[in-house]
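Subject: The structure I promised you

Hi,

Here is the structure we talked about. Have a look at it first, then read my notes below.

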Amino acid sequence: MPHSSPDNAHLRPPGTSDDTVEATGKVSEAMEWIERVRGHLFELHQLVGRADFIFEDAARSLRKAGHSKQADLLEQEVIGRNILPGRWTFQIVEEFEETYYLPVKKVEESIRNDLMQGKRHVFESELKEKRRSKHRPAHESRPKEIK
């Protein structure tokens, strides 16, 4: 698929040292791990929420099958239960975003703006150039530009 980003979108700014490219690449790599953490928290949020609704369905089924005591137990002890003291999963996600994710993302962007003119994946772009088989199909340096 053609790509519209300029050919220099991932090239190191003039005068930038190898050490700076590597160090900035590590900051970006760490941020990618934090992005994964954030995704896992959303997964936790959705998995626990779904389980809560299934427990509710199970309570209805238990009650219908004549097991009111067990249905009551699910309704009173499990359904709607906090996952941490005073918190449902949406609160954990929100607190993570406000307390950690957004401030860390802001620092990563600041470092990238200061040292790489805001360019992302400069280290990876250079790694690609070192590892690809030049002049081979599916080893092109850059995507074809949209004209």
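Predicted model: local features only at pLDDT ≥ 70, side-chain atom pairs only at ≥ 80, totals over all residues.

A residue counts as buried under 20% relative accessible area, as exposed over 50%, and as partly exposed in between, using a 1.4 Å probe and protein chains only. Residues are numbered from 1 along each chain as its sequence is written, and side-chain values use heavy atoms, with hydrogens and water left out.

Let's start with S125. Its relative accessible area is 7%, so S125 is buried. You'll find S125 in helix α4, residues 122-131; helices are DSSP runs of H or I with at least four residues, numbered from the N terminus. Leaving out residues up to four places away in sequence, S125 touches H10 and R142, where contact means heavy atoms within 4.5 Å.

Now for how α4 sits against α1. Their axes come within 8 Å and cross at roughly 110°. Axes are lines fitted to C-alpha atoms, for helices over the stretch in contact, and angles run from 0 to 180 degrees between N-to-C directions. Angles of 65 to 115 degrees count as roughly perpendicular, and α1 and α4 are therefore roughly perpendicular to each other. On the α1 side, V21, E22, G25 and E32 meet V122, F123, E124 and E126 of α4.

Next, the pockets. A pocket is an open set of points on a 1 Å grid over the protein atoms alone, where a 1.4 Å probe fits, with protein on both sides within 12 Å along at least five of seven lines; lining residues have an atom within 4 Å of a point. Grid points are joined across faces, edges and corners, and a volume is the space filled by probe spheres set on the points.

The largest pocket has a volume of about 260 Å³. It has 13 lining residues, and V48, G49, D52, R81 and W88 are the closest to its centre. Helix α1 (18-64) and α3 (89-116) each supply at least two lining residues, with α1 giving the most, seven.

The second largest pocket holds about 180 Å³. Its lining includes S28, E32, K105 and R120. Here too α1 gives the most to the lining, with four residues.

How values were computed
Parallel < 35°, antiparallel > 145°, perpendicular 65-115°, else oblique.
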